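Student: Could you show me how to read enclosed spaces and aromatic contacts in a model like this one?
Tutor: Gladly; let us take the two topics in turn.

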Amino acid sequence: MPCPARILSPVFIILWLGVWAQQKLPLYTKRCPVKTIAYEQGLTDNSVTGVITDEGGFTWVSTAGGIQRYNGYVLQPVTPVVAGDTLRINYPVFFLKASDNALLIGYREGVLRFASETNSFTKVIDRTTADTAHLHSLMPLKETAEGLWCFDETKGVVLYRGRGAFHGATPLVVDATIANLIRTEDYFITRKLVACNRNYIFIRQSPNKILEIDTDTHLSKQLEYSDSLITGLECNDDKLFVSSSKSITVRDIGTGLITRRFPIKWISDDPNVTRSSLGLSSDGHLLVSEEGRLFEFDTSGVCHKEIVSLDRDPLLNTGYIQIVYEDPFRRIWLLTNSDIKRIENAETPFSYLIYPNGQSHFIRSLYYDNTDKTLLAGVFLGPIELYDSSGRPLWQMPLTDKRCTSPVAIERIRDRRYLVITAGNGWFLLNSATRQLQPVDPGHSIEIRNNSYWNNLQRIDDSTLLFSTRSNVFSCRARMDNIRVLSGLLPDSVVNSYTLSCFLRSSDGSLWAATQSRMVLRLDRTGIVHRIAIPENYIRTIAEDGMGRIWIGSESGIFIIDGTGRLLRHLSRQSGLLNDIIYALLPADSSHNSFFASTKFGLSFISADGVIKNYPRELGLQENEFNTLSCARSADGRLFFGGINGITAFFPNELSVPGDSSKISVMRFAVNDSAYNSFGGSWASDTIRLPYDHEHLQFDLGATGLLNPNEYLYRYRLQGFDRSWQTTTQPTGIRYILQPGTYWLDITCSPVLYSTRSLERRIMIVISPPWWQTWWFMLATVALAVLLIFGVSFFILRQRYLWKLRKLAVDQQLVRERERISRELHDNIGTQLSYISNSIDWLLETPDAFNKEEEKDRLAAVNDTARSLVVDLRETIWAMKKEFILLDEFADKLKLYLQSQTSIQPQMETVVTEDIQKKYTFSPTEALNIFRICQEAIANSVRHSQAGKICLTILSGKGKEFSFTIEDDGKGFIRQQQYNGHYGLENMTHRASESGATLIIDTGPGKGTRITVCK
């Protein structure tokens, strides 16, 4: 049987070596762009308690003052509108991503669901508590097929059963000690103490215990962590990650075994870490914050990198990180105790090389040794730096020699032997193995010391170097450590009048030398010097491309000329360069047709066809400003540029967008110069509908993704308004004044630095017309106009027809009137005239037949008949000569007649009552008929009724056109249905019927008589 000690000893040794190796492993830094979001960006309260990103790329934050949403530029307040009701939420809430990628927002009265597609809120849980004003928000934990699991401070962990789109109000309370749940931390930031996966919910129950809830079986158990305070939780489907004040612990969920404990002291010098947070990244790494620092672990619990800013500075100089969260767009959000940090979780393709202990980082010269895979850098104030191929310093301190200052060029002579040329301080040989500098006297000491900052060096073959000074370009032979300078290459007669800066020996053997007098000298292979004028320039660098063209970098941009000096192209800021001052040029690839140029404001890439892409400091460069001729290129294509604060190194083929999944969005929307609440229902998906009086629109566009919105190039056009595309990198404050109609806003964008991917979006904007311009109103107006025209036409035609009918009726009435008058004259007046004529004839023919008394009676009768005839004739003429007779005039005529009749009966009392409220007009016939009826009734009352009183009542109005009543208190008579033989009453009935009036006779023996004619 083997000895246990022999078995266990190797195990302990292996474990100890593993721990030692982990403790001793170097911690690399991951440089990422960092943006701070604080009050300047609209943060209303620095007590930030929660964060989540929706499907559209907008990031929501919860603060002590309510909900805000970050659109890439600023934070905007969120005011939910649910079923037309506006919710005022001015306290912290909790966020959860739903199974359909919608947002669940827990607040005091329940849980809201926000759908990015429709830009709308719905209420999915209504908290059935009498007084919610003094409670914390409901915390949604996990959505399952059963319903929504939540944490309620009054009940613990509860399950709201699912019922369609809503969740039931009857919770299932999981057995837990509610008072101890999450109570040692501020309730507002408890989200970091909760973790969920497909089957479990993990929630800190006490400082040293975790409650594990199985959402399938609803069973729970406790997990003990007795060694230290639990400060953060996270999990995937297999492992539970726990951060504490002493370690990062990885537990296998299936077995319950702890597979690793990573001591915090290996990465932190703080002996008392009390604030930590965990989060999983999209690439499967575990993000761990410890106080103010952020680390990247793998899921086995091993730390690999610390995430820092592009300047290698810590993410926080003061304060601490409360919550770490990475969204689907690979953006890390840090909620700190004072602000919000937004980190692009993609390491910059630009490496930043710097000696941490160096006093100066002003890099003047660079040389890459492809044999040793090392990089040498000459600092302007004198030190020499040495890096390996990965950019790590190989020396603990830079090599400093007071004799060797201002190194302007470095070139390899042999293994680990390098020639260092300084500006005015002579030449030196550097032994990189022994870190020694040795002065070299190559001859022509006066000429070689007459050099300056902008002079350069070029290797021609294994033993030949060319270098420039102020006065000439010299050739140099270098064998082993023996270096000898030969005579100048340019004729003295030519260069005596110029001061040289840099030079280039091109592939055809020509020598190109730049002067400080706006002139380039070209010495061809035949020895002839050609002068090429470069206008208004100071030349710092010259390079040759693969097609034999010469690129001249100056302080007025880049001039590209052919082999004869003919200008082919001039590139400047107007062409797209970051700056006109060009410090150095390096070919981008082996074809040498595309170049990178270092400038005063960053790096610029110029393709063979002239397309320019720019790379500013914000992408991780050492600084914006670089240095003259400070550049190098390795055999594997890595480029190095020296600047005022170190070295920038990169592979050109790595300058591609790192998995960006951006979306184009309308970041801010204002209507009539007022911020528009986009959650009110008018904005759904890609459609915005507004009323006609919301015609003044203002947009802020942006891409929501890994990069900042201003790191994209945007093109937009409003079809129906813009004639051409608008291009910008700052698409804010875009204004339109639109008339009612439908418009399409087309937007495209691509990263400024990359062209591999372009985003597109189309948004429909509908400005509804006013109601008087709607199709239904126009249709109704047309229909109404047609009906009106038809009605007017019908009315006119009808009136014409009725006028013809009336005219015909009047003509017929006139004929009848004439006939009636003829009959009247014939039957009434004619009869009375005949009676008068016969009576007179009788008296004249038989004068002796009557005595005086009888003759007198006969003459009196003839006289009465003549008088009656005159009255009848006057009345007939009165009616005939008028076209119409007014009721007032008729009443006056009737009253005069009554007065004339009662004058022969002085003892008879007369009463006249008149109440005319309505104007009425009689036709002549109608007036004569009604007058005859009244005349007959008055005459009968006066002559035959033996009455002592007669009353005339004239009325008009109250449903009657007219009414005439003649009433007496005489003897009356017996009323009959027919009045045959009583010609007066019979004529009255006939005249009333002819006039369309009603005749009413009310009488009886001894009762008097009342006759009414009305209409």
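Tutor: On a 1 Å grid over the protein atoms alone, a cavity is a set of points where a 1.4 Å probe fits but cannot get out, and its lining residues have an atom within 4 Å of a point. Points are joined across faces, edges and corners, and a volume is the space filled by probe spheres set on them. This is a predicted model, where local features need pLDDT of at least 70 and side-chain atom pairs 80 or more, while totals for chains, interfaces and linings use all residues. Numbering runs from 1 along each chain as its sequence is written, and side-chain values use heavy atoms, without hydrogens or water.

Student: How many cavities of 30 Å³ or more does the search find?
Tutor: The whole structure has 3 of that size. The largest holds about 70 Å³, and among its 15 lining residues, Tyr70, Asn71, Gly72, Arg331 and Arg342 lie nearest the centre.

Student: And how do I read an aromatic pair?
Tutor: A pair of rings is described by the distance of the centres and the angle of the planes. Rings of Phe, Tyr and Trp (its six-membered ring) pair if their centres lie within 6.5 Å; planes under 30 degrees apart are stacked, over 60 edge-to-face, the rest tilted. That rule gives 40 aromatic pairs here. Phe262 and Trp266 are edge-to-face, because their centres are 5.3 Å apart and their planes stand at 85 degrees.

Student: Is Phe262 buried or exposed?
Tutor: Buried (under 20% relative accessible area; exposed is over 50%, partly exposed in between, with a 1.4 Å probe and protein chains only): Phe262 has 2%. Trp266 is buried too, at 19%.

Methods:
1 Å grid on protein atoms, 1.4 Å probe; cavity = no way out; pocket = protein on both sides within 12 Å on 5 of 7 lines; lining within 4 Å.
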